[in-house]
Amino acid sequence: MSALADLFTLVMVAGGALLFLAGTLGLLRFPDTLSRLHALSKADNLGLGLIVLGLLPQVGSIAGGLKLVCVWLLAQLSAATASQLIAGALHRRKSGR
Amino acid sequence: MTLAALDSATLFGLCGAALAGIGLFVVIAHPGLLRRLVGFNILGAGIFMVFGAVARRGAAAGLPGDPVPQAMVITGIVVAFSASALAVALLRRLFDLTGRDSLEPPAAGKTPRAES
Amino acid sequence: MAEFLTGAAFFILAVTALGLFRVLRSELAVERMMAVQLLGTGAAAALVLLGAASTSPATTDVALLLMLLAAFSCAAFTLGQSEEPGDAPAPKGDES
Amino acid sequence: MNLLLDLALVAWLVVLALHVARTGDDRNAIVAFIAFGLLLGLAWTRLGAIDVALTEAAIGGGITGLLLLRAEAHLRRGRQADGAPRQGGGAKTIVAALASAVVALGLGLAVLAFPSPAPTLAQPALAAIDATGLGNPVTAVLLAYRALDTLLEKVVVLLALLGVWALTPDNLWGGAPELKEANPPQPLLYLARTLPPFGVLIAVYMVWVGADAPGGTFQAGSILAAMWLLVMLAGLSPAPETRSRLLRLLLVGGPALFFAIGFLGFAVAGGFLAYPKPLAKALIVGIEAALTVAIALALGLLVAGPSNKAPAR
């Protein structure tokens, strides 16, 4: 049971870490700013999500698990509004008003 | 284990020294006052980090660090922020009144006065 | 396990920080802010991982705080941006 | 692996600081500084100082960034794209570099020359902690052993606020600082509506656990200040007029309560800022609550700056 949980953690954390790598590569390699923004939000949502999911079997208490989920939920809120704000700023800049 | 903790504390202490040096350089050498303010904050961060190394080395009695320097750093961070806010207000006022954001006179090569 | 979690934290931080250093030379201020945003998420992920590795639950609180304020600094940045829409001066001398 | 992580953090911090030193654009420097603050928070957790990491994350990563970015936007708006980035004179730069190198070297040597059995106050701090009823030694230092420092620090924050307000032009004295943007973007409004409830919750949590676990009044105050600033930036609630009695009362209230309890110590516990033992924890938590409000208001108003609207008649 514990070994299974550890394996789950291993796979999920590794997946999350790879998503961060993918997000960074996207940020560096994608052709224009908006698609870079798109790559960024993948890392934000999925990468952190997978890591939080993977760590859930490792925390001892329910409160600790809830806190982890809260980190992810806050990241969702932050990432969503932050990309909206950035895209908006970009749009205003482009349209020249 | 203790050796590793010791090494890491010394490492961050040296990092603090380097940051203090870089911050000081920006404060002295950069003409723009806003940038000097950023440098001032980096300088402070470096000094705080030296304190952090002291606190880390004082780890004892089951604590990860000596609480006294840590508490001093917390106080210091808030005070440094207040000082930065005051400096920003002064800078904005200076800029509104004179249109300048540096203490160097536009043409003449007088040495800038020290920041308050 | 702790070793693996610390390693993962290091990997994530390394990747996002290197991304930031590349982007810091970019011409668009917006992209620099995006990289900082990614670094913030990466730092939160690293903190969560380190907290699990070291079994000090309070480390997660730092991650919580970082995520709470991530959008805040981004909002501050875009406000400065929107005040001058047309001719945001491109950063000078940052080529190479 | 741990040492590798520490090494990498140190290297990135230094690289970011160097970037701040040599980039030509102020905003670029500030964005790098925000990233620097993020990594600094991480470095503090590596040093085992979670309390400091929380403070750094809240102040360095949050409101300092807003303060600097607003200042930069203000300067940029007023400046007619003046030409090349200014450079200091060559000789001056060299002298400055030499001086800073000497300081850095001296500090580094001091770090290397730390006495080997490191002096520590951890044991005395823990030995007396039962008397305070607290569980977090850092909070015990801040509010019991060295409460005088904390008290004076509150006074310093208030003095800084007075200094900022003193820069108000005469005809605007007593008015409100204007933070609202001309037309705040829609996502900002959304953020200002959804984030503050979480922020207030986390701030209350910080004060609450601060007695026994990392957290406390500074961290909570900075979070509250950030949330308040967000609401003011979005224009959901205007900044208060600086002549408002209630505002001034709340600002002074925290330190005043602290002083009052401090002087009460002469009567009941035999010294300034001495707490009677059975009441120690209740008094400390009470002081923390009042201080949190005062700090949040003071930090928020420090970022808001002097008033730039005439007071309503």
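Student: What makes 62% of the 116 residues in chain B count as buried?

Tutor: Good place to start! This is a predicted model, and the label comes from a count: a residue is buried if 20 or more other C-beta atoms lie within 10 Å of its own. In chain B, 62% of the 116 residues reach that cut-off, so they are called buried.

Student: And what share of chain C is buried?

Tutor: The same test applies there: with 20 or more other C-beta atoms within 10 Å needed, buried residues make up 68% of the 96 residues in chain C.

Student: How do you know which elements chain B has?

Tutor: A helix must be a DSSP run of at least four residues, and a strand one of at least two. Chain B has three helices and zero strands by that rule, so its order from the N terminus is α-α-α.

Student: Why do you say that chains B and D are in contact?

Tutor: Two residues are in contact if their C-beta atoms lie within 7 Å. By that test, 70 residues of chain B are in contact with 78 residues of chain D.

Student: What kinds of residues does chain B bring to that side?

Tutor: Facing chain D, they divide into 46 nonpolar, 16 polar and eight charged. Leu counts as nonpolar and Lys as charged, for example.

Terms used
Residues numbered from 1 in each chain as written. Chains lettered and ligands numbered in written order. Predicted model: local features only at pLDDT ≥ 70, side-chain atom pairs only at ≥ 80, totals over all residues. Buried ≥ 20, exposed ≤ 12 C-beta atoms within 10 Å, placed from the backbone.
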